[in-house]
Amino acid sequence: MGFTTPPYLLADVSVRRVMLQVLLGLLPGIAAYVWLIGPSIVMQLLIATLAALFGEALMLWLRGKPLMLFLTDGSVIVTAWLIALAFPPLAPWWLVVLGTLFAVVVAKHLYGGLGQNPFNPAMVAFAVCIVSFPALMSQWPALGLQLTWVGQFEIIAGLAPRIDVMTGATPLDAIKTALKLGEGTVDVPTLLATQEVFGNFAGRGWEWVSAGYLLGGLWLWQRKIVSWHAPLAFIGGLSLLAAMLWAWNPLQFASPLFHLFSGGSMLGAFFIVTDPVSGCTTVKGKLIFGFSAGVIAYTIRVFGGYPDGVAFAVLLLNLCVPLIDMYTQPPIFGMKNEK
Amino acid sequence: MLAQLFGFKGGVKPQTNKTPSVQQPIGVAPLPPRLFVPLHQSIGGAPNPLVQAGERVRKGQLIGGADGWVSAAVHAPTSGTVLAIEQHVAAHPSGLPTLSVVIEADGLDEWIDRRLIDHRSLAPERVREILRDAGVVGLGGAAFPSHAKLTPARAVPVEHLVINGAECEPFMTCDDMLMRERAEEIVRGIAIFRDLLAARQVLIGIEDNKPEAIAAMQEAVRRLAEDYAVVGVPTRYPAGGAKQLIRVLTGKEVPASKRSTELGVQCFNVATVYTAYRALAHGEPVVSRIVTLTGNVRQPRNWDVRLGTPMCDVVALGAPMADTSCYLMGGPMMGFEIPDLAIPVVKATNCIIAGSPKLFPPNPPEMPCIRCGACAEACPHELQPFELYWFSRARNFGKTQEYHIFDCIECGCCSYVCPSHIPLVQYFRFAKSEIWSREREKNAADAAKARFELRNAREEREQAEKAERLAKAAAARTTERKVPSAGPVAPDGQPAVADFVAVSPTSDAEAIKKAAIAAAMERARAQRELAQPRNTEQLNAEQRRQIAAVEARRAAARAAPAVEPDIPSAVPASPPRVGE
């Protein structure tokens with residue numbers, strides 16, 4: 001037996017187990033997605049997973065790292081699933097593959113692989129694709145679109161033509177576009193009440209997908225995989241700004257509830273801003289990170305040119321992480337009264 | 001009971017595995033034929049051997065005298081003949097040898113004449129000396145000489161004396177059994193420490209997974225009509241760390257940069273208190289200790305083992321199972337793998353655990369850090385271990401100190417919870433030892449530089465003085481030449497000399513002055529530098545004391561062979577700060 005090191009007891013934890021639980025946490029949201037939006041997401045999850053595993057294997061091989069150890073750690077599958085869930089469900093297969101490979105090869109491995117990436121890979125993929133392919137990234141399945149499994153598969157695989165009728169805007173986009181086109185003649189309550197794309201408190205169907213993410217996120221919090229700080233601060237930042245503007249002018253601004261259950265809010269709150277690798281590590285830092293990301297996400301989605309702002313908000317905050325962490329180091333044992 | 005416990009942040013709850021070894025009372029380990037007693041068994045100076053090969057010793061006889069204040073004496077654990085004083089493998093993970101006294105037991109186990117002492121009849125200084133000469137050290141595992149901890153700080157009275165019976169390491173039960181069986185002697189021993197420190201209140205902290213020990217201690221306190229509080233503290237590793245227990249019982253947090261007495265609190269292990277009592281009330285120096293033998297053995301039990309007994313003799317008492325693959329000294333969280341079973345039991349040997357691949361599976365492969373922060377949450381000192389890990393890996397040692405690496409107590413909680421299975425503690429030990437070795441190198445280089453600069457200054461000064469002498473002589477000659485007719489004594493000769501000095505040698509005089517000033521400034525600078533706190537302020541109190549003791553010895557050694565006259569000013573002897 002070689003030189004061994006204490007402690008000789010280790011808790012029953014591993015990176016793989018952490019990642020597996022994150023994947024489990026995504027399941028309620030995915031279930032709602034399949035049920036209410038369509039089964040195409042399952043295909044996208046599969047495509048992204050395969051692409052991610054391929055990209056990971058390739059990069060591990062190029063970098064001379066042990067293949068099985070890292071392929072089975074689950075981190076790349078989390079990235080893949082987040083990409084699939086963030087992309088439009090009927091996006092062509094090559095777009096998902098492109099985004100996933102960019103995330104794995106560039107955002108993850110070129111920066112040093114697991115644990116070394118300064119940016120959230122899934123959000124990098126989203127940002128790159130929405131900038132490069134804005135039209136494809138903005139085509140969401142139109143409401144009431146009835147397609148068979150085969151039909152959906154054909155669209156994703158590029159075997160069937162992408163008819164414009166099939167695709168619509170996200171609820172967030174719909175409200176923004178309508179307000180812009182209406183030039184003051186339309187107001188938010190009327191839109192919500194009349195347009196079919198809106199449901200009980202946010203986008204029809206999507207509101208329950210978001211609720212699914214919330215449920216999974218709460219489970220992760222209960223399992224102590226994520227702490228409450230970043231998600232709550234994110235929700236707080238987003239709601240606070242939304243509430244202020246909504247209180248000021250409820251005709252032009254949607255309610256905080258609408259914003260919380262639209263777009264990437266819930267996915268972002270529990271699965272993106274909680275990413276330990278690219279996020280802050282101190283308690284104060286997590287609060288600052290989450291809150292700022294919430295505020296910026298709202299600002300971009302309401303005033304900016306993109307349908308949603310979570311990805312850009314998170315990437316911007318990823319940039320600030322080293323600085324925030326440096327200035328939010330907590331006092332240590334015995335030195336709390338010293339300045 | 002106390003109204004309120006304070007708790008500490010972090011900590012972990014591994015399986016305690018304590019039950020197997022408390023089924024039987026403490027047994028007395030048989031006398032081995034040969035004992036190997038290392039002279040250096042405590043923190044601080046290594047005792048000097050006081051016996052010679054061939055000499056007969058009796059049990060309890062002083063065989064190693066304490067070297068300096070931070071040091072503790074070592075005694076013969078039984079009667080017999082000294083076979084040799086030689087290098088023998090030490091109780092250290094490295095397995096390097098250390099100077100040991102080899103004694104062949106004669107089987108009589110004949111004590112020295114024991115003098116019983118009432119500590120109240122003596123001055124505190126004298127009691128401390130007796131404890132030092134009885135070899136009383138911290139038996140919780142650190143082996144710090146206890147007498148050196150028994151001086152209250154000058155400005156702060158000792159509010160609380162904390163007696164540590166927490167025993168938070170898994171598997172370990174030696175303190176538990178000691179409290180169950182010898183509670184009264186512990187309680188009597190506490191009085192010695194309380195009186196020496198003039199402590200106002202005594203708090204005995206025991207983890208609440210030892211109800212029998214708590215009951216025994218409470219009963220002893222009641223029987224002896226003492227006002228000590230016996231407090232059950234929540235079972236959570238490392239509740240038995242001195243700083244954690246102090247925090248839990250008193251709410252005070254002792255930083256690494258301070259001694260606990262500066263905050264009006266001091267902490268001793270129950271076994272230490274017990275040995276102090278035996279030393280005074282029975283005249284028995286520390287020649288044995290309770291050792292838990294557990295793990296992968298058929299008969300786990302606590303044994304009263306003579307110091308110097310080879311571990312193989314102790315291990316045999318437990319009948320280890322066939323698949324035993326290693327032995328640990330200490331607990332599984334902070335202990336180390338015994339490199340060789342010839343290693344003797346020493347004062348720091350609180351526990352021997354037989355390990356098997358089933359009991360301690362080999363560590364899973366190390367993965368990259370994912371910054372999950374589990375380590376920061378588990379750290380009882382509220383450090384950011386993952387940051388320290390990045391900096392240690394990058395050899396950015398300045399940053400590790402900025403992030404308080406010397407506040408790390410190496411408890412292992414961070415490694416325990418790490419999902420990436422990173423041996424974090426090893427990284428921190430590496431960083432600490434690198435910093436220490438760099439400090440030593442830097443100090444040596446600084447001293448050499450100071451020596452060099454002082455020598456340069458002296459040579460310059462000497463040259464200048466020589467120039468001055470020559471100038472004066474030349475001036476004298478000129479004067480003589482100027483007034484040859486006026487005889488040996490010239491009335492107007494003085495102005496001429498003054499003129500001469502005023503013209504050419506002024507520059508010399510100025511140079512002399514400048515050189516003198518420069519040399520003085522250089523000396524002052526060197527002194528200032530040496531007087532300044534060096535880059536080791538993050539060390540904990542024990543390390544500081546160790547360093548102070550080393551410095552003192554080094555200074556003494558340097559001063560002795562009468563080196564250059566400049567040196568003593570450059571290397572002031574810093575006296576050990578412990579005795580103050």
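Predicted model: local features only at pLDDT ≥ 70, side-chain atom pairs only at ≥ 80, totals over all residues.
**View 1. Packing of helix 1 against helix 4 in chain A.**
The axes of helix 1 (residues 15-36) of chain A and helix 4 (residues 75-86) of chain A approach within 8 Å, with a crossing angle of roughly 20°. Because angles under 35 degrees count as roughly parallel, helix 1 of chain A and helix 4 of chain A are described as roughly parallel to each other. Their crossing is left-handed. On the side of helix 1 of chain A, the contact involves V15(A), M19(A), V22(A), L23(A) and L26(A), which meet S75(A), I77(A), V78(A) and W81(A) of helix 4 of chain A. The residues of this contact comprise eight nonpolar, one polar and no charged.

**View 2. The two domains of chain A and their contact.**
Chain A is divided into domain 1 (15-168) and domain 2 (170-325). A distance of 21 Å separates the C-alpha centres of domain 1 of chain A and domain 2 of chain A. In the contact, 30 residues of domain 1 of chain A are paired with 32 residues of domain 2 of chain A. Helix 1, helix 4 and helix 6 (121-132) of chain A each supply at least two residues of the domain 1 side. Helix 1 of chain A gives the most to that side, with 12 residues. The domain 1 side divides into 22 nonpolar, eight polar and no charged residues.

**View 3. Helix 14 of chain A, a mostly covered element.**
In helix 14 (residues 265-272) of chain A, eight of its eight residues are buried. The buried residues are S265(A), M266(A), L267(A), G268(A), A269(A), F270(A), F271(A) and I272(A).

**View 4. The contact of chain B with chain A.**
Chain B contributes 45 residues to the contact, and chain A contributes 30 residues. On the chain B side, at least two residues each come from strand 15 (326-329), strand 16 (336-337), helix 10 (413-417) and helix 11 (424-482). The largest share, three residues, comes from helix 10 of chain B. The chain B side divides into 27 nonpolar, 13 polar and five charged residues.

**View 5. Domains 1 and 2 of chain B.**
The domain assignment of chain B gives domain 1 (19-317), domain 2 (371-484 + 493-539) and domain 3 (544-580). The centres of domain 1 of chain B and domain 2 of chain B, taken over C-alpha atoms, are 41 Å apart. Their contact takes seven residues from domain 1 of chain B and nine residues from domain 2 of chain B. The domain 1 side holds four nonpolar, three polar and no charged residues.

**View 6. Cis peptide bonds in chains A and B.**
In chain A, P6(A) and P7(A) are joined by a cis peptide bond with omega of about -5°. P7(A) is located in the segment before helix 1 of chain A. In chain B, the peptide bond from Y237(B) to P238(B) is cis, with omega near 0°. P238(B) belongs to the loop between strand 11 (229-233) and helix 4 (242-250) of chain B.

N17(B), which is not a glycine, has a positive phi of about 50°. This residue lies in the segment before strand 1 (27-28) of chain B. N17(B) counts as partly exposed because it has 19 C-beta neighbours inside 10 Å. E382(B), likewise a residue other than glycine, has a positive phi near 60°. E382(B) is placed in the loop between helix 7 (374-378) and helix 8 (385-393) of chain B. With 20 C-beta neighbours inside 10 Å, E382(B) counts as buried.

How values were computed:
Residues numbered from 1 in each chain as written. Chains lettered and ligands numbered in written order. Axes fitted to C-alpha atoms, helices over the stretch in contact; angles between N-to-C directions. Helix = DSSP H or I, 4+ residues; strand = E, 2+ residues; numbered from the N terminus. Parallel < 35°, antiparallel > 145°, perpendicular 65-115°, else oblique. Left-handed = near helix turned anticlockwise from the far one by under 90°. Nonpolar A, V, L, I, M, F, W, Y, C, P; charged D, E, K, R; others polar. Domains from an automatic or database assignment. Buried ≥ 20, exposed ≤ 12 C-beta atoms within 10 Å, placed from the backbone.
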